[in-house]
Amino acid sequence: MTLIRPIPGARAWVLTAGGSCSVLWIDAKDRLLSAHWGRGLSSEQAAGLVGGCQASGAGAGFGAVALGGQWPFEDDVEGPLELAVGAAFQFGHAQLAVRFADGTRELEVEFAGADVDAGPDAAELVLSFADRHYPLAVESHHRVRRGSPVIERHLVVRHTGAAGDEPVDVLRADSASWTLPPLADYRLSQVRGRWAAETRLNRSSLPYGETVLTSRRGITSHHANPWVMVDDGTAGTSHGQVFSCTLAWSGSWRITAERTPADRMALSAGFGHEDLVWPLAPGETLTTPVSAGAWTDGGFTAASQAWHAYLSGHVLPHTDELRPVVYNSWEATGFDISLEGQLALARQAAELGVELFVMDDGWFGRRTSDRAGLGDWWPSPERFPDGLAPLVKGVRELGMDFGLWVEPEMVNADSELYREHPEWVLHQPFRQRSEHRNQLVLNLARADVAAWVHERLDRLVAENDIGFLKWDMNRPLSEVGPGPEFGDAVWRGYVDNLYAVLDHLRTDHPGLRIEACSGGGGRLDAGILRRVDQVWTSDNTDALDRLAIQDGFAQMYPARVMSAWVTDSPNPHTGRAIPLEFRFHVAMAGVLGIGGDLTRWSGAERETAKELVTQYKRIRPVVQHGIRYGFGDAAGDLSGVEYVAADGSEVVLIAYRRERRFAQVERPVVLRGVDAGGRYRDVRTGTVHHGAVLLSRGLPLGLGGGDPASVVVHLVRET
């Protein structure tokens, strides 16, 4: 089927995306509207729908039933627009808002044409508009791929004036406005959180008016994440329509969910935050980041699976790889780093089967605490008098790759870099330079700063044969000051240059792999995922807390990017004691890492850990590349996750029980990804299970006594 089809006799197009489609049309007033977003339609069905919209004269059936089809105080398009410009009688959310040099704010755009760029597996529709008087052009881009329900959208805004013309101020430019069909109710699913408690799932009925989810911190943030899902209030794990969208941007962002007085709904996703202005000079262009949206049927599981497939297939680099088992030295050593101590940890990690050894903070400059050294990215001469070469050589001789922790966007006031370039940090004149965690933010929006960061990391990686960087960022942006190198431009330029540095490093060092970290999960979005291989989910490694954090993470993001560590017990943050197997089983649901002080682990603990690492390597292809089904409430007594290999040949079930009450019956877990006609052998016990039984009566867990308790079941299909 053709991915993008024009509808004859109308300014309308059908975009086919997997099993869904979007039908866009332009009315007599050159307004872009949605006639449909949902289940796939044929050309005939879509044409009939658009014809009905045109005949109603009220914009996709939104019109009023009074005063000859118009409301007395509203425009004749009562519902949201697919290109919502700040114009007269458009009193709802403005996706695109500008201010011209003479003070005029209203946009009056006319349709200038459509262009379709079609390939065998992907196609893009570009709808062009121009202001009727002022020198401003707008392109609305819509991209679809064969087999995926995800539609990618963005705007291109261009000043078309001549040299010497006044600039145009862009006050807001959201990437897309997503119009939902009428639903009985609108329930919003999102994740909320804070440091050490990120990505906790929250569902609530959407109130009337505008609900804004945002980060004003210059990073994605721990507190919210740039995606939402919407249903009619009745969708469940495996049934019901779900409409969702996300934004591929790693700086400040906004998603506005608008529920109109007429009970319609639209989602608008864009970069930046309020009160920012982007001046466009003649000939200049502003291109927004991608906002991607999807309609799915099959409940929240189907929605999550669609996003996992999209990110894995079209966003993430190196998706055919398996992420290695990592050991990180931070919780074992803190800042007390030495060559001998790191080699001792490396030897113990190698005995457990670890594949990547990462030395964390404290290896560089005068870094003996968090008060000094950031910015001085060379090995500490006191701790590593011969540089990193002896450590890297020792780690590689043990059969492991070597990685380093870095925080290249930050600087301590007590550092050689700051003493040489105090003007490089974000600051405002006549205001204090706020230090958080004793550090300041380098103004990465400056070309010279970005070039310095790239040069320093390029040398570090090349001269020391570094295979992995844990790229941290431990504070938000603040004191973004005035001036040509500061001001509002920083909020865009910072992220653009961050992306450019990452892209340049990866091009120059094809073998380099990167983990994104921002005090835990503060930088997690589809924009950064195009440039990194995994994400540090949270600084909170308490296995019980991690259940809810990882469940919320998995609503949008796949297991292959979810970095999770096994750390010591009692947990260094919460003080809670949790069995070693349970800690491993929680971390085995993503990219397994170990972060405990191995020198304090008993021989029995190390032997158990070795067996569990071996088990993880057996199930890793299914966990990292399989199809995910969650079950239970992550905050409840029993929950877990099921992964099914793409070809259906293997199933991995990981179940967690917080506590078992007296006389409570342990019920089997009903599986959802198996073939009813298949036979599945339990790798550990040899027991054979029939698919039809697993789908109806379920799989007995046999968790036994003691809390918390967990189990990993690996099933291999025999027929």
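Two strands count as paired if DSSP finds at least two bridges between them. Strands (E, at least two residues) and helices (H or I, at least four) are DSSP runs, numbered from the N terminus. The model is predicted, so to speak of local features requires pLDDT of at least 70 and side-chain atom pairs count only at pLDDT 80 or more, while totals for chains, interfaces and linings use all residues. Residues are numbered from 1 along each chain as its sequence is written, and side-chain values use heavy atoms, with hydrogens and water left out.

**Exercise 1.** Determine the strand order of the open sheet that contains E33 and E36, and state what packs on the sheet.

Solution. 
Step 1. Strand E33 (residues 650–657) and strand E36 (residues 709–717) are antiparallel and share 8 bridges. Within this pair, valine 651 has leucine 715 of E36 as its bridge partner.
Step 2. Extending the pairing gives an open, antiparallel sheet of 6 strands, ordered E31-E32-E33-E36-E34-E35.
Step 3. Strand E31 (627–632) and strand E35 (688–690) are the edges; each has a single partner strand, so one side of each is left without a neighbour in the sheet.
Step 4. From one strand to the next, the twist averages 25 degrees.
Step 5. Helix H11 (residues 580–587) packs on the sheet and touches E33 and E36 (contact: heavy atoms within 4.5 Å). The directions of H11 and E36 make about 50 degrees, with axes fitted to C-alpha atoms, for helices over the stretch in contact, and angles running from 0 to 180 degrees between N-to-C directions.

**Exercise 2.** Find the pairing partners of strand E10 (residues 168–180) and decide whether its residues are buried or exposed.

Solution. 
Step 1. E10 pairs antiparallel with strand E5 (residues 96–99) over 4 bridges; valine 98 is partnered by valine 170 in E10.
Step 2. Strand E17 (residues 265–271) is antiparallel to E10 and joined by 6 bridges, with aspartate 174 opposite glycine 270.
Step 3. Strand E18 (residues 278–280) is also antiparallel to E10, through 3 bridges, and valine 168 stands opposite leucine 280.
Step 4. In E10, 13 of 13 residues are buried (under 20% relative accessible area; exposed is over 50%, partly exposed in between; 1.4 Å probe, protein chains only).

**Exercise 3.** Which residues touch the most other members of the largest nonpolar core?

Solution. 
Step 1. A nonpolar core is a set of buried Ala, Val, Leu, Ile, Met, Phe, Trp, Tyr and Cys residues joined through side-chain atoms within 4.5 Å.
Step 2. The largest such core has 182 residues, and Trp363, Leu529 and Phe584 touch the most other members. Helix H8 (residues 489–508) gives the most, with 9 residues.
Step 3. A second, separate core has 18 residues, including Tyr629 and Val651.
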